[in-house]
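My notes follow in the order in which I checked them.

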Amino acid sequence: MKPLRAFAAALAGLFVLLPAVAGAIEIKEITTPLGIKAWLVEDKSTPIVALSFSFSGGTATDPAGQVGITDLMAGLLTDGAGSMDAQAFRQRQEDAAASLGFNASLDRLTGSLRVLSANRDEGFELLRLALTEPRFAPDMLNQRRAQTIASINQAAQRPGSVAGRTLMEALFAGHAYAADPDGTPEGLAAATPDLLKKRAAELLLRNGLIVSAVGDIGEAELARQIDRSFGLLPTGNPPALPPQWVAPTKPRVVVVERPVPQSSALMALPGIERDDPLWYAALVMNHVLGGGGQQSRLFNEVREKRGLAYSVSSGLRTYKRAALLVMSTGSANERIAQALEVIRAEMGRMRNDGVTEAELTDAKTYLTGALALSLDSSASIAGLLHSMQIDGLSPDHLTRRAALIAAVTLDDVRKVARHLLRDEALTTVVVGKPVGVTQEP
């Protein structure tokens, strides 16, 4: 039995596991006395409360001349709050067995809290302080800024990182998504405590807030804690999202020369929106093409058959104003051109022929079971609920997901492959000293 079929057979029982898991995950929609809405999965099997939340507006809404300020501000939210400096705030988290953190994506400012249920008062109080009384102390600002600038400089030396940044700049030229979320040394140098406070005030609003909770906490208690932590935040209007991205309509190749023995390459196409009726067909197609790891066509053709690369993969990316299908690989400078040609050939084969019945069955088996296997902690379930809310899905989506995947047909996959895998929209970025790859503006 081939490895893919053997693995699919091993997962066959998970066709029924996900509905069972989903059925056990009862999502309750609550509204607090202050009108804040949240999703809750109550689970008393472990004495943990996990919270996942986010605010509308991310790094793509950084003010002009302040690129990187949202990401910098997110890191500083837990570097001291109220009467506590950074060290005291960290110590108080440790004493409460709590973990609190913030991050910034292109579209949202995200946060998470994980705390022992016995210490939830303390955990939610620390969250309140971080949201409403961050210190933005000059010494911590200088420290975070230095760390970020060092990270930016290090990334500029890594071919893979350079390829990632160059791809975003090429695809989104003139759009807010083109800017590096980490910012630039020049922009970061201009950050001040007052500007950080202003940015926090622009983003930390109850309007646009999404909250999900999982763990040993009831509805009434969660509502009380949410109002306690978020209730003092103003309502207000979140920053406006950038305009919808206009996808490229002609192929482009960008070569960035670096004195390295192996080139890093990314190939990107306009993708598919999360609410598109063919989303699950695209998920299946991507799994067969390059998202299925060692079982995918790209891995088989690029690595196994020809030994052109150590790794090769594809993945779907969705943002509020754009969607991408991105393929990634790396190969010796002398062989990268052949690797890219094989990837383009596999795109063409998928576009023209779709997938086989066996590939369709195996992909659906894996995709159905993989979600169930990933729900292994309160934090992972909270993150899933939060993602569902961001994507505009309903609470009953988990019970319907297996059926949506099972309904994908061979014709659906062919249709989405013909829609997505278009050579005329392909942007390729290669970083290294590639032989046989030339720049095409």
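Entry 1, strand pairing. I began with V49 and found that this residue stands opposite G215 in β6. I keep in mind throughout that this is a predicted model. V49 also has a bridge partner in β5, namely V115. Going from the residue to the strands, I noted that β3 (residues 48-56) pairs with β6 (residues 210-215) in the antiparallel sense over 6 bridges. With β5 (residues 108-116), β3 is joined by 9 bridges, and these two strands likewise run antiparallel.

I then turned to helix α5 (residues 120-132) and helix α10 (residues 219-230), which pack at an angle of about 30° with their axes 8 Å apart. Because angles under 35 degrees count as roughly parallel, I recorded α5 and α10 as roughly parallel to each other. The crossing in which α5 passes α10 is right-handed.

Which residues make the contact? On the α5 side I listed R120, D121, F124, E125, L127, R128 and L131, and on the α10 side E221, L222, R224, Q225, R228, S229 and F230. Sorted by class, the contact of α5 with α10 holds 7 charged, 5 nonpolar and 2 polar residues.

Notes:
Residues are numbered from 1 along each chain as its sequence is written. This is a predicted model: local features need pLDDT of at least 70, side-chain atom pairs count only at pLDDT 80 or more; totals for chains, interfaces and linings use all residues. Side-chain values use heavy atoms; hydrogens and water are left out. Axes are lines fitted to C-alpha atoms, for helices over the stretch in contact, and angles run from 0 to 180 degrees between N-to-C directions. Helices (H or I, at least four residues) and strands (E, at least two) are DSSP runs, numbered from the N terminus. Angles under 35 degrees count as roughly parallel, over 145 as roughly antiparallel, 65 to 115 as roughly perpendicular and the rest as oblique. A crossing is left-handed if the near helix is turned anticlockwise from the far one by less than a right angle, and right-handed if clockwise. Contact means heavy atoms within 4.5 Å. Ala, Val, Leu, Ile, Met, Phe, Trp, Tyr, Cys and Pro count as nonpolar, Asp, Glu, Lys and Arg as charged, and the others, Gly among them, as polar. Buried means under 20% relative accessible area, exposed over 50%, partly exposed in between (1.4 Å probe, protein chains only). Two strands pair if DSSP finds at least two bridges between them.
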